[in-house]
Number of protein chains: 2
Amino acid sequence: MAVAALDLTFHALADPARRAMIERLSRGPASVSELAQPLAMSLPAVVQHLAVLEASGLVASQKVGRVRTCRMDPAALSLAEQWIDQRRREWERRLCRLGEHLKQFPDGEPT
Amino acid sequence: MAVAALDLTFHALADPARRAMIERLSRGPASVSELAQPLAMSLPAVVQHLAVLEASGLVASQKVGRVRTCRMDPAALSLAEQWIDQRRREWERRLCRLGEHLKQFPDGEPT
DNA sequence: CTGATACTTAAGTAAACGATTAAGTGTACA
DNA sequence: TGTACACTTAATCGTTTACTTAAGTATCAG
């Protein structure tokens with residue numbers, strides 16, 4: 001269940017244009033045009049990237065008049081961060097166990 | 001430059017099979033067959049996923065005799081985690097500034 | 001030497017991606 | 001009213017992905 005959410009989130013983060021959009025939105029809301037302005041691509045391309053970001057939950061938007069305002073939602077970002085952190089912790093935990101183990105056998109691996 | 005590295009890392013993390021492989025490797029080294037065993041796909045498919053993981057630097061492997069042993073490298077993971085953390089921090093920093101601002105204008109937005 | 005094991009390589013395929021251009025919709029404003 | 005603006009939709013196109021099967025290579029065990 002959470003698997004698919006991580007799929008969408010990491011996939012959304014795997015593109016430099018989409019990360020640039022998130023970097024912009026982390027500094028505050030922006031319209032679609034404002035998001036598109038620094039990017040070297042057509043507006044429809046930007047909108048497609050935006051759809052990927054919205055599908056992942058990283059970004060939400062609402063339209064008022066003729067301008068759509070986008071804002072970042074850090075919750076999806078935290079989910080991804082937590083997954084990474086858990087893997088890193090598990091890796092470190094294993095190193096600790098390994099160290100404790102080696103202390104008992106000062107002159108080489110027991111097995 | 002670091003952009004391409006994040007591309008590769010997030011792309012590597014965007015697939016459930018590859019995340020499963022990393023989860024396995026966070027608990028210790030494993031052979032290709034061991035990585036493949038819980039996955040519902042052919043061995044060549046697993047090897048292709050492994051190539052993606054190695055290209056991102058998340059995993060390294062070496063062959064001894066006929067068995068290739070894979071181990072996780074947490075450095076690439078940290079790089080991704082740092083990018084996420086920076087975005088979250090910037091978002092939070094902006095919330096703080098916004099709060100300070102609103103304190104000066106208790107009855108609505110100044111602009 | 002023979003056979004089993006552990007990959008490895010190659011080739012092919014269906015679907016997803018990332019972009020484009022062209023045309024359309026709905027606001028805002030003079 | 002009419003024109004510029006801010007998207008929006010649709011159709012298309014070349015590339016990359018995520019597999020597959022089939023066949024090949026290199027150990028190791030007896």
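**Figure 1. The two protein chains of the predicted model are related by a turn of 180°.** Chain A can be laid on chain B by this turn, with a shift of 0.0 Å along the axis and an RMSD of 0.0 Å. That is the relation of a two-fold axis. The same surface serves both copies, since 100% of the contact residues of chain A recur in chain B.

**Figure 2. Chain A and chain B meet through 27 residues of chain A and 27 residues of chain B.** Helix 1 (2–13), helix 2 and helix 5 (74–104) of chain A each supply at least two residues of the side of chain A that touches chain B. Helix 5 of chain A gives the most to this side, with twelve residues. Sorted by class, the side of chain A that touches chain B holds 13 nonpolar, four polar and ten charged residues.

**Figure 3. Three strands of chain A form an open sheet.** The strands follow the order 1-3-2, and their pairing is antiparallel. Strand 1 (30–31) and strand 2 (59–64) of chain A stand at the edges; each has a single partner strand, so one side of each is left without a neighbour in the sheet. Strand 2 of chain A pairs with strand 3 (residues 67–72) of chain A over six bridges, in the antiparallel sense. A:Val64 stands opposite A:Val67, which belongs to strand 3 of chain A.

**Figure 4. Helix 2 and helix 4 of chain A each lie across strands of the sheet.** Helix 2 (residues 16–25) of chain A lies across strand 1, strand 2 and strand 3 of chain A, and runs at about 85° to strand 3 of chain A. Helix 4 (residues 43–56) of chain A lies across strand 2 and strand 3 of chain A, and runs at about 120° to strand 2 of chain A.

**Figure 5. Helix 2 of chain A packs with helix 4 of chain A.** Two packed helices are described by the angle between their axes and the distance between the axes. For helix 2 and helix 4 of chain A, the angle is about 70° and the axes are 10 Å apart. Helix 2 of chain A and helix 4 of chain A are therefore roughly perpendicular to each other. A:Ala17, A:Arg18 and A:Met21 in helix 2 of chain A meet A:His49, A:Val52 and A:Leu53 in helix 4 of chain A. The residues of this contact comprise four nonpolar, one polar and one charged.

Figure 6. At least two residues of the surface near DNA strand C are supplied by each of helix 4 of chain A and helix 3 (32–36), helix 4 (43–56) and strand 3 (67–72) of chain B. Helix 4 of chain A gives the most, with five residues. By class, the surface near DNA strand C has ten nonpolar, seven polar and five charged residues.

**Figure 7. DNA strand D is surrounded by 20 residues.** The closest are A:Val32, A:Ser33, B:Ser42, B:Ala45 and B:Gly65. Helix 3 (32–36), helix 4 and strand 3 of chain A, together with helix 4 of chain B, are the elements that give two or more residues to the surface near DNA strand D. Helix 4 of chain B gives the most to this surface, with four residues. By class, the surface near DNA strand D has ten nonpolar, five polar and five charged residues.

Definitions and conventions. Residues are numbered from 1 along each chain as its sequence is written. Chains are lettered from A and ligands numbered from 1 in the order in which they are written. This is a predicted model: local features need pLDDT of at least 70, side-chain atom pairs count only at pLDDT 80 or more; totals for chains, interfaces and linings use all residues. Copies are superposed by least squares on the C-alpha atoms of residues with pLDDT of at least 70 in both. Two residues are in contact if their C-beta atoms, placed from the backbone, lie within 7 Å. Two strands pair if DSSP finds at least two bridges between them. Axes are lines fitted to C-alpha atoms, for helices over the stretch in contact, and angles run from 0 to 180 degrees between N-to-C directions. Ala, Val, Leu, Ile, Met, Phe, Trp, Tyr, Cys and Pro count as nonpolar, Asp, Glu, Lys and Arg as charged, and the others, Gly among them, as polar. Angles under 35 degrees count as roughly parallel, over 145 as roughly antiparallel, 65 to 115 as roughly perpendicular and the rest as oblique. A residue is near a molecule or strand if its C-beta atom, placed from the backbone, lies within 6 Å of it.
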